[in-house]
Amino acid sequence: MAAPASRQDLIDYCLRRLGHPLTEINVDDDQLSDRLDDALQYFQDYSAEGVERLYLKQLVTPTVITMSSSIASYFALGETVRGLSSNATTTLINFNAGDQTSYNVVSSNGTSLVTMGCVGTFVTGETIIGLKSNVSAVVTSFTLGAIDKGYFDIPDGVLGVVRILPFTATNTGLDYMFDIRYQLRLNDLFDLMNTSVIYYQQVKAHLDMIDMLLVGEKSFRYQRHQNKLYIDMLWGVDVKVGEYVLVECYRILDPDQWVDVYNDRFLKRYATAMIKRQWGENLKKFAGIQMPGGVTLNGQIIYDEAVLEIKQLEDDLDRIQEPPNFQVG
């Protein structure tokens, strides 16, 4: 197939470029798969064609406690509950009272208590008690939410984070009638044909500078191998449970979803060179051995040619890439 559309198509294409089936390519199937993975990893890390720029929305999730115990009455919303073993505390913002006929907080399939402002970590199997209602229950599972962890779990494949989009609500939006930019547009730009916009642009730049100095952007830390995005802010104040934070980032293109990646010109040449290097490496230990008919194996030549091809391809890619502008850790 001239245009590979899957892993196997690309492997077959590379083998044909190396001479298969007229020439036997002495590379194991697992080695072929490994070299293709290496080629894809390099392509996705360093080629602009291997990633996409997008915006991820991250939900600010609460801590969730699941219980399985019958109690005499309900917890009170907003009260603090404390674990008798761990001494951890948290504030309830919502819960399902379950079967109200028998006054059980937990239904037959278990009920989740949604909490926020957790201090410490509860222990599975311990008893928690409401400090206001004096209601108690047994913890069966405990899941810490983003509001208490202080970071978001980022999906696999995110190569780097560029920025966190502003999400603080201010009265400087253009939809706010008493905002100065709204008034400038209303009173000074009523006639765009006879009014200069230079002053308006200067005022906008000045307001943006003031906003940057007094408010600024949220600083963050991201490491792609941890898949955790830490944002330095007041969780629960700057953002609340149920709100979203927009993250501008670069994500690796999944070739199984976007099969045209397998037909990328650089990837095809690079994967072929990687397999060729493996082929030469396999044959190097048979140097000088004569085959039937007087043919002598020389894997070193194949290996050296592949090394030069790989270096040339990587140098060519370095010259055409844009400088990285995102944080990778």
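Modeller: The model is predicted, with local features needing pLDDT of at least 70 and side-chain atom pairs counting only at pLDDT 80 or more, while totals for chains, interfaces and linings use all residues. Residues are numbered from 1 along each chain as its sequence is written, and side-chain values use heavy atoms, leaving out hydrogens and water.

Colleague: What average pLDDT does the protein chain have?

Modeller: pLDDT is the predictor's confidence in each residue, from 0 to 100. The protein chain averages 82, and 78% of the residues score at least 70. Over residues 98–110, however, the pLDDT is below 50, although this stretch has 27 contacts (heavy atoms within 4.5 Å) beyond near neighbours in sequence. Where pLDDT is low, the predicted coordinates should not be read in detail.

Colleague: Is Thr115 buried or exposed?

Modeller: Buried means under 20% relative accessible area, exposed over 50%, and partly exposed in between, using a 1.4 Å probe and protein chains only. Thr115 has a relative accessible area of 0%, so this residue is buried. Thr115 is found in strand β5 (residues 111–119), where strands are DSSP runs of E with at least two residues, and helices are runs of H or I with at least four, both numbered from the N terminus. Leaving aside neighbours within four places in sequence, Thr115 is in contact with residues including Pro62, Ile65 and Thr90.

Colleague: How many residues of helix α6 are buried?

Modeller: An α-helix has 3.6 residues a turn, so residues three or four places apart point the same way. Helix α6 is mostly covered, with 15 of its 19 residues buried.
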